[in-house]
Amino acid sequence: MPEIRFIEADGTPHRVEAVVGQSLKQAALDHLVPGIIGDCGGCASCGTCHAYIDEKYLPLLPPADENEEMILEGVPASRTSNSRLTCQIPVTADMAGMEVQIPDTQF
Amino acid sequence: MSTTQLTSVADLPAIEDFITFDDFSRDFVEAARELRGREGTDFLRGPMNSLVVLRNKDARTLAANPALGNVPADIVLWMATEADLGSGPVTKPDPEQTEGYGRFLRNQVFTTNPPLHQPYRNLLVRPLMPRNILRFAPAAARLAQELVEECAGRDQTDFSREFAGRFVTRFWAEQLGLSRDQAAHVQHLMEEMSLTFLLTRTPEQSQRLFSAAATYMDVVGEAVRKAWSDGGNALLDNMAAELTTIDVEGKPEDIGSLVASNFFDGFHTIGVAIENVVFRMLSDGTALEQIRADPALVTSAFYEGTRLESPLILSQRLTLQDVEYNGVSVPAGTPVVMMWASANRDPEVFDDPDSYRLTRQIQHGATFGGGAHLCPGRNVARMLTEIAVTALTAPDVDIALVGDDHEWAAHTMMRQLTALPVTIRRVHR
Ligand code: HEM
Ligand code: FES
C-alpha cells in the first residue's frame, strides 16, 4: 500500500495508505481528504477531483485523454501542466511518497 | 455473491405494498421519507417493473454505472402518451399532435446513448464548465438588478413569474440571440411545458403540452438559427462548430434544434431552483441575516436549498444490459427511477437530513444526478442562482415571504410551490 501525501490548499497534509489499483480520487475519498469531491463518481465528467501532481511522478501516469483535457480546461482553479483528474489515475506501487496538491476550489 | 441470492426486480416489494401510487406521487419527498423509514425498502418495484432507487449511495453508484443509460426518445414519448401508471387516464394522441414534442425529446442529450452520448454531451459540457461560464456573470448580474428594480416597484411580487422565470428566460434569451419579446413568449411556453413533469395528464393538458412544445421548438429554433447565421455569438459558434465534428447517427438536425431541446432546463428548471433556494432561505429564521453578513454563504444556500427541495425530484435511466447490484438482478431494458430528492435526504449521508444548515459540508448531493450523465447545466444553475440571491440579499434590499401557507405541487416530478408571493423593497440601512 503506497503512502501518498495529499496536501490541502492551506498546506494541511494528509497521509493516505492507498490501495494499488484504486483511483487516486477514491484513495482520497476513502480517507476523507477534504477538497477532493468527486461529484460524478469517477467518470471524468465533473472536474471536482482536480489536483496537481508531483512533477517527478508525471511520467509514470497514463496520459490524459481528450475528454479529460476538455474537463481540465474548464475547472475553476488554475489549470497547470501538472493538473490531472485524480479519478483517472490508478494507484501503482511506485507512487509511494508522491505528493498531490489539492486546488483552492473545485466548484 | 452467488446468483441464487439474487432477487429479480419483478420479485422486489412493490411501492404499492406500502403506499398507494396516488399517495406516493402526491408528495414524493414526504412519501420517500416514509418509505426509507420502513424495513427492506432500499429497492422497490415501481410501475412497469421499474427499479425505484431511494438511497444516496445506491443512486450515486448506479448513476456512475455505464450500463445505466438514458431512456431513448421513442420510449419517453410512449411513457408520456401511452403508459398506464395506474394513476389517471391515458391519452393516446395522434402522431401529428406529438410531432413537435417528439422533436423536442429526440434532440435532447437526455435521450441519447453511446456512441452518440458522450460527444453530444461534451458539446454542452465544454461551454458550461465553471471557468467558461464566468463570461456570462456580468450580464446575469445586470439582469438581476433590473428585476430587483422592477419588483421593488410593486406591492407584491409573484416570485416564480415576476422574478425567477423572467430572470432565467431573459438571461438565456440574451445569450442565445432571442429578443425580449421572444423571452416573454418562451417564459409563457415554459409554464405550459412544465406539464411535461406531471405523472398523468388530462387530454386537454396533453394537448397544451404538445402544442407548446411545437411552438417552443419553432420559436427558439428559428431565433437561434438566425442569431447564428448573423454571426458574432461565440457560444453558438462554438457549439455549431463542434456539432459538425460529430459523425454519429442521430445527432441533432442543426444548432437551432440542439439549443431549443437542451436549454429547456436553462429556460425552465434554473428558475425553479432559484425559487426553491429563496423559499428555503426566507423560511429559515436566520439564513437571510447570515447571508447578508457573509455573502459567500450564497454557495451554501444554493446547495442546501436544492438539496432539500431538489427541482427534478426524479428522473429515469434504462439498463442497456443486465446489471447485478447489491443482490438485485436488473434485466436489460428495465427503467430505473432515480429518486434524486430522496437520495438528497438520506440520513445515512446527511446528518439530520431534513434540517436546513448553511454550515453543511458540500458533498454527496444528488440534485444533478451523477456519473457520465451528471447534469452539464449544474454550474450555470448555481452561478445564476447565486447572482440572483446576491442581488436579493444586498444591504439595500428587503425581501420577505407573504403568508405562510405554502404548498408543493402534487403528482409532478418537478418540486415547485404552487405559489410564492413575496415583497421586495429598496431600503436604506
Ligand atoms: C437547477 C437546474 C437543473 C437541475 C435540477 C437539473 C437536473 C438534472 C438531472 C437530475 C439530470 C439527470 C442526470 C443523471 O441521469 O444522472 C440532468 C441531466 C441533464 N441536464 Fe440538467 N438540470 C438543471 C439544469 C440544466 C441546464 C441549465 C441544462 C442545460 C443548459 C441542463 C441540461 C441537462 C442535460 C443535457 C442532461 C442530460 C445529461 C446526460 O445524459 O449526459 N440541465 N439534469
Ligand atoms: S470524479 Fe468527476 S471528474 Fe473525477
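Biologist: Which residues have the most contacts inside the largest nonpolar core?
Modeller: In this predicted model, the largest nonpolar core has 117 residues, and those with the most contacts inside it are Phe167(B) and Tyr216(B). Helix α11 of chain B, which covers residues 203-230, gives the largest share of this core, namely 10 residues.

Biologist: And which residues is Tyr216(B) in contact with, if we leave aside its neighbours within four places in sequence?
Modeller: With those neighbours set aside, the contacts of Tyr216(B) include the phenylalanines Phe104(B), Phe263(B), Phe264(B) and Phe267(B). Also among them are Val186(B), Leu189(B), Met190(B) and Met193(B), together with Gly221(B) and Ala260(B).

Biologist: What does the second, separate core include?
Modeller: That core has 30 residues, and Leu29(A), Cys49(A), Cys87(A) and Val91(A) are among them.

Biologist: Switching to the ligand, how many residues surround ligand 1, and which are the closest?
Modeller: Ligand 1 is surrounded by 29 residues, of which the closest are His117(B), Arg121(B), Arg317(B), His373(B) and Cys375(B).

Biologist: How do the residues of that shell divide into nonpolar, polar and charged?
Modeller: The shell around ligand 1 has 15 nonpolar residues, 11 polar ones and 3 charged ones.

Biologist: What distances separate an oxygen atom of ligand 1 from the side chains of His117(B), Arg317(B) and His373(B)?
Modeller: For His117(B), an N or O atom of the side chain is 2.6 Å from an oxygen atom of ligand 1. The corresponding distance is 2.8 Å for the side chain of Arg317(B), and it is 2.8 Å for that of His373(B). As for the elements that give two or more residues to this shell, they are α6 (117-125), α14 (264-267), α15 (269-283) and β6 (315-319), which belong to chain B.

Biologist: What about helix α3 of chain B, is it mostly covered or mostly exposed?
Modeller: Helix α3, residues 56-63 of chain B, is mostly covered, since 6 of its 8 residues are buried. The buried residues of α3(B) are Asn56(B), Asp58(B), Ala59(B), Arg60(B), Leu62(B) and Ala63(B).

Biologist: Now sheets: what is the strand order in the open sheet of 3 strands?
Modeller: In chain B the order is β5-β11-β10, and the pairing is antiparallel. The edge strands, each of which pairs on one side only, are β5 (157-158) and β10 (397-401) of chain B.

Biologist: Over how many bridges do β5(B) and β11 pair?
Modeller: There are 2 bridges between β5(B) and strand β11, residues 421-426 of chain B, and the two strands run in the antiparallel sense. Thr157(B) has Val422(B) as its bridge partner in β11(B).

Biologist: Last topic, the backbone: where is there a cis peptide bond?
Modeller: A cis peptide bond joins Pro114(B) and Pro115(B), with omega at about 5°. Pro115(B) lies in the loop between α5 (99-106) and α6 of chain B. As background, most peptide bonds are trans, and most residues other than glycine have a negative phi.

Biologist: Where is His364(B), and what is its phi?
Modeller: His364(B) is in the loop between α18 (340-343) and α19 (378-392) of chain B, and its phi is positive, about 70°, although it is not a glycine. With 29% relative accessibility, His364(B) counts as partly exposed.

Biologist: And where is His411(B)?
Modeller: His411(B) sits in the loop between β10 and β11 of chain B, and its phi is near 60°, a positive value in a residue other than glycine. Its relative accessible area is 24%, so His411(B) is partly exposed.

Definitions and conventions: Residues numbered from 1 in each chain as written. Chains lettered and ligands numbered in written order. Predicted model: local features only at pLDDT ≥ 70, side-chain atom pairs only at ≥ 80, totals over all residues. Heavy atoms only, no water. Core = buried A, V, L, I, M, F, W, Y, C linked by side-chain atoms within 4.5 Å. Buried < 20%, exposed > 50% of the residue type's maximum accessible area, 1.4 Å probe, protein only. Helix = DSSP H or I, 4+ residues; strand = E, 2+ residues; numbered from the N terminus. Contact = heavy atoms within 4.5 Å. Near = heavy atom within 4 Å. Polar contact = N/O pair within 3.5 Å; in protein donor to acceptor, adjacent residues only side chain to side chain. Nonpolar A, V, L, I, M, F, W, Y, C, P; charged D, E, K, R; others polar. Pairing = 2+ DSSP bridges.
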